[in-house]
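User: Could you walk me through this model with me asking as we go?

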Amino acid sequence: MNAEASEETTTPEQNVIEIRNLRKEYYGPETVVAVDDVDLDIREGEFFTILGPSGSGKSTLLQMITGIETPTDGEIRIDGDLVNNVKSYNRNTSLVFQEYALFPHMSARENVEYGLMLRGVPEAERRERADDMFELMNLVGKEDRNIQELSGGERQRVATARSLVIEPDVLLLDEVLGALDEKLAKEMQVELKRIQEEVEKTFVFVTHSQEEAFSMSDRIAIMNQGSVEQVGTPLEIYNNPTSEFVADFLQMPNLITGEIVSVHDRLVTLESDGIEYRIAKKKTAGTPAVGDEVTFLIPNERLLFDNDHENTFEAVVTDTIFKGSYTEYAVQLLNDRELRVHETTGESLLSEGSEVKVGFAPDAVVVFS
Ligand code: ADP
């Protein structure tokens, strides 16, 4: 594709990566299906995060995008071109590793210029492009330091600069904040997001940390056992997790599993640990029947104090966490079940030990099965 054509067709919604039916098997004593029938579209210029527990296939997926691993089946397109058999160095992607893989005997500048040197970029241009990177990374003045003379965060930024300086269409980052201490990792989250916004490149970021994913991403794909469970903006996923795995992985507290004890026109009644909950029948899939097991989520902000809905329970406040504009309460029902309530902060807070009533509307729930 020539530059003119790509400019004409580039819109904010354009997909830079398109993945279809992607599968990766590793062969050993046992066959491992690391990535299982994945479909994914990643848009031009977005900060896209692949989030999932360890072993869910995130790194394998990333390595297939960058060309280190070859798919067993399926298709990967970058900028519209099928790249399954295109070598890593001929793809317009660049990978930043957790271990940075910087050359320890070289200075920061030599590390950053290395890729340009390989590509035969003349010295003056190399210098200029590296200088732009040092400025972008807030590393001016540290160009001639040896890698050992840099802090973890600075090394991370040199590694990011080294990958970005070759101007890839897509920058892939594999658990890059995992090796940093918590405070530094938080600072780097902010830095990475700033850098991504400044360079306007597509970043594909792999992490097992929800906090990183939810604080940085435009969109997130949640992986489980080689499959993508859900793709959406942080808010979409948080407000409407589409599977029990996602709700559980995100540790959404108000996830309840119960057995159907009666089915009426409009409502279904469930029993869980001695308490009955009523949920809207229209929220359940198929035809609910007595004896069926159902898991549902009450979003924290839909669980309310002192309401008149069909579900009202006596409870005791066990924890009060002031979060500024809202307050998070932990409450315990009579069966010891703990739930979380998010309330807009009012004139006074409920103290621990307060006896309260909590409830939710039957149609406020998200039902999974
Ligand atoms: P994640 O990045 O989410 O931790 P990985 O993509 O590293 O997951 O691994 C997915 C699965 O594939 C795991 O079961 C892992 O043990 C297996 N796996 C990863 N790399 C290899 C390999 N080179 N050979 C055999 N199995 C592998």
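Analyst: What follows is a conversation about the ligand site, the strands, a helix and a few backbone angles.

User: Before we start, what kind of model is it?

Analyst: It is a predicted model.

User: OK, then which residues are around the ligand?

Analyst: The residues around the ligand are Tyr26, Val32, Ala34, Pro53, Ser54, Gly55, Ser56, Gly57, Lys58, Ser59 and Thr60. Sorted by class, that shell has four nonpolar, six polar and one charged residues.

User: And which element gives the most to the shell around the ligand?

Analyst: That is α2, with three residues. Both β2 (32-43) and α2 (58-66) supply at least two residues of the shell.

User: How much of the ligand does the protein bury?

Analyst: The protein buries 58% of the 560 Å² that the ligand exposes when taken alone.

User: Switching to sheets. In what order do the strands of the five-stranded open sheet come?

Analyst: The order is β13-β12-β11-β14-β20, and the pairing is antiparallel. At the edges stand β13 (275-280) and β20 (366-367), and each has a single partner strand, so one side of each is left without a neighbour in the sheet.

User: How many bridges join β11 to β14?

Analyst: Strand β11 (residues 255-263) and strand β14 (residues 293-297) run antiparallel and are joined by five bridges. Within that pairing, Thr257 stands opposite Thr295 in β14.

User: While we're on β11, is Val263 buried, exposed or partly exposed?

Analyst: Val263, which is found in strand β11, has a relative accessible area of 30% and is therefore partly exposed. Leaving aside residues up to four places away in sequence, Val263 touches Val268, Lys281, Pro288, Ala289 and Val290. The C-alpha atoms of Val263 and Arg278 are separated by 9.7 Å, with the two residues 15 apart along the chain.

User: And Ala315, buried or exposed?

Analyst: Ala315 lies in strand β16 (residues 311-322), and its relative accessibility is 4%, so it counts as buried. Not counting residues up to four places away in sequence, Ala315 touches Val331, Gln332, Leu333, Ser354, Glu355, Val356 and Val358. Glu338 is 23 residues from Ala315 along the chain, and the C-alpha atoms of the two are separated by 9.1 Å.

User: Val331 is on that list; which residue does it stand opposite?

Analyst: Val331 stands opposite Leu339 in β18. The strands concerned are β17 (residues 326-333) and β18 (residues 338-344), which pair in the antiparallel sense over seven bridges.

User: What about the turn in that hairpin?

Analyst: The hairpin of β17 and β18 has four residues between the strands, and Asp336 there takes a positive phi near 75 degrees.

User: Why point out a positive phi at all?

Analyst: Because most residues other than glycine have a negative phi.

User: Where else does a residue other than glycine have a positive phi?

Analyst: Asn21 has a positive phi near 45 degrees; it is found in strand β1 (residues 15-26), and with a relative accessible area of 43% Asn21 is partly exposed. Asn138, also not a glycine, has a positive phi of about 55 degrees; Asn138 is found in the loop between α4 and α5, where a relative accessible area of 48% makes it partly exposed.

User: Last topic, helix α3: which of its residues are buried?

Analyst: In helix α3 (residues 108-118), the buried residues are Ala108, Arg109, Asn111, Val112, Glu113, Gly115 and Leu116.

User: What covers them?

Analyst: The cover over the buried residues of α3 includes α4 (123-136) and α5 (152-164).

User: And what follows the helix?

Analyst: After α3 comes Gly120, which has a positive phi near 75 degrees.

Technical notes. Residues numbered from 1 in each chain as written. Predicted model: local features only at pLDDT ≥ 70, side-chain atom pairs only at ≥ 80, totals over all residues. Heavy atoms only, no water. Near = heavy atom within 4 Å. Areas by Shrake-Rupley, 256 points an atom, 1.4 Å probe, with all protein chains shown as cover. Nonpolar A, V, L, I, M, F, W, Y, C, P; charged D, E, K, R; others polar. Pairing = 2+ DSSP bridges. Buried < 20%, exposed > 50% of the residue type's maximum accessible area, 1.4 Å probe, protein only. Contact = heavy atoms within 4.5 Å.
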